[in-house]
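Work through the exercises below with the model open. Try each task before reading its solution.

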Amino acid sequence: MTAVQPEALTFECETGNYHTFCPISCVAWLYQKIEDSFFLVIGTKTCGYFLQNAMGVMIFAEPRYAMAELEEGDISAQLNDYQELKRLCEQIKRDRNPSVIVWIGTCTTEIIKMDLEGLAPKLEAEIGIPIVVARANGLDYAFTQGEDTVLAAMASRCPDKAPVVEAEKNERNAIQKLLHFGKKKEEVVQEESEYVDHPPLVLFGSLPDPVVTQLTLELKKQGIKVSGWLPAKRFTELPTLEEGYYVSGVNPFLSRTATTLMRRRKCKLIGAPFPIGPDGTRAWIEKICSVLNINPQGLAEREAQIWESLEDYVKLIRGKSVFFMGDNLLEISLARFLVRCGMTVPEIGIPYMDKRYQAAELALLETTCQEMGVPLPKIVEKPDNYNQVQRIYELNPDLVITGMAHANPLEARGINTKWSVEFTFAQIHGFTNARDILELVTRPLRRNNSLKDLGWDKLVKEEAKI
C-alpha cells in the first residue's frame, strides 16, 4: 500500500516560543543601510550585551547606534523619561547630527509601559530632528521582524506628494543617480525613453546596494521604472507614496509594512512570490509585469540560463532532504527554491506565518512540489523545538537548517546543519545570487564529502567503538 499524499499544504501551530534572535538585531543591517540615521535602543544591560555580541566590538569605526540603558530608577519611575531621552538625543545631535533618530523599543519598555510614541513628537519639535519609534521586542516579534516594525514606522514619514522643486527632485532621485552614474546626458535621455508608461512602483525591504541595483535593472529590462525603495540609502531620500501607487515587497517578513502601506498610505500591494532563487525572481517579475499590463520578455530563457550555471551545485543536493526548524521567516521561500533544485522538504518550521502576505509564495511552493513530484511539506508555526528534534530523529533528513542555538547539539548527534542566520545576511535575492544560496546549503555536504575522502568517517567510527 502507498501512503496518500495531501493535495494541499497542511498548517499546524505548536506552543513553542520564538526560538530566534531578539529583533533588536535588525539594527545591525539597518544602520548600515540608512547612512544618515542613528539608532537608539532603549533597554536594559542584557540588550546591550546582546548587541555587543551580535555585532562585535567595532574598534576602527564608531557605529551609528547606541544603547539607552534603563536603570532601577527608570524602571521604578523615579526618573523622568522625557528628560533622560532628551539629554541623550541632544548628545547624539551634537556628536553625530543624523537626519533621523530611530528609537528601538525593547521588552522592558513594553513591560513598564514607556510611552515612546507620546514622547517622540514633543522631543522631535524641541531638537529639530525626526524621531521614528519602532517596537522590536522579543515578546511580540521574531528575529527579522525588527526590520518590519522599523519600515512600517518609516512608511508614515514618506512624502505624500511628488517634489516640484528641481533641487528636491534631484535629492530624492537616488536610484536613478545610481543607475546613471558616469553616463552622458544623451545616453540618459535614450535610457529614459525605454521605460513603459505605467503607474509608479515602490519596492520595500532592506537589501545591500548591489542587490538593489540588480533587481532595479531586471525590472528595467521589462520597461519598468522603480520610483523608489523603502528604506532608501538616506532618510532624506524616502520615496514618495501617493494614494494608488503600487508597492511590492522583496522579503517575506515584511507583512506589517505591507499592511501599513495599504491601510495608512492607500497603496496597492502587488502580492507576488519573493525574488529568492531564479524561479522566485522570475515569478516576482512576471507578477509585477502582469499587474502593470506589460508583456514580460526573455524571462524563461534567463531562468534557464541561471539553472544551467547552477548545475554543479544542484547535483550535490538533488534527491536529498532538508528540514527547516524555523528562525528568520525566509523558510517558505528557501524551501520552495530547494524543492525546485530537486530536494524534498518534510517539514517547514516558521516562527510566524502571515498567510495573506505570503499567499503567492505558498501557492508557488505548492505548484513547485506538484511539478517536481515530491510530497508537500508540513508547515509548523511557532514550533516546539523538543517535538521537532524528535521528528528530526524519525525523519533523518540529510540537512537541517536551524538557528545557532541548536546547530552544535544536532551536529554532535551526527545530523548535518546550516545556520539559518547566514541566509539573513547573505545576498540571496535575484537571478545571479542564487549561487550564494546553494553555496551555503551545500557547504556542510561538501565538507562531509571531503572528510570521507580523508578517511575521517572511519576514524570517528573506530573512536566510537573504543
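The exercises cover an annotated site and one further residue.

This is a predicted model, where local features need pLDDT of at least 70, side-chain atom pairs count only at pLDDT 80 or more, and totals for chains, interfaces and linings use all residues. Residues are numbered from 1 along each chain as its sequence is written, and side-chain values use heavy atoms, with hydrogens and water left out.

**Exercise 1.** Locate the residues that UniProt lists for "binding site".

Solution. The unreviewed UniProt entry gives Cys22, Cys47 and Cys107. Such annotations may be inferred rather than shown by experiment; feature names are shortened and positions follow the numbering used here. The three span 86 residues of sequence, yet they cluster in space, with a largest C-alpha distance of 9.7 Å.

**Exercise 2.** Describe the setting of Cys22 and of Cys107.

Solution. Start with Cys22. It sits in the loop between strand 1 (10–13) and helix 1 (27–33). Helices (H or I, at least four residues) and strands (E, at least two) are DSSP runs, numbered from the N terminus. Cys22 is partly exposed, at 25% relative accessibility. Buried means under 20% relative accessible area, exposed over 50%, partly exposed in between (1.4 Å probe, protein chains only). Beyond four places in sequence, Cys22 contacts Phe50, Ala136 and Phe143; contact means heavy atoms within 4.5 Å.

Now Cys107. It lies in helix 5 (residues 107–111). Its relative accessible area is 23%, so Cys107 is partly exposed. Beyond four places in sequence, its contacts are Asn137, Gly138 and Leu139.

**Exercise 3.** Is Pro239 buried or exposed?

Solution. Pro239 is buried, because its relative accessibility is 4%. Its loop runs between strand 7 (226–230) and strand 8 (246–249). Beyond four places in sequence, Pro239 touches residues including Cys158, Val202 and Trp229.
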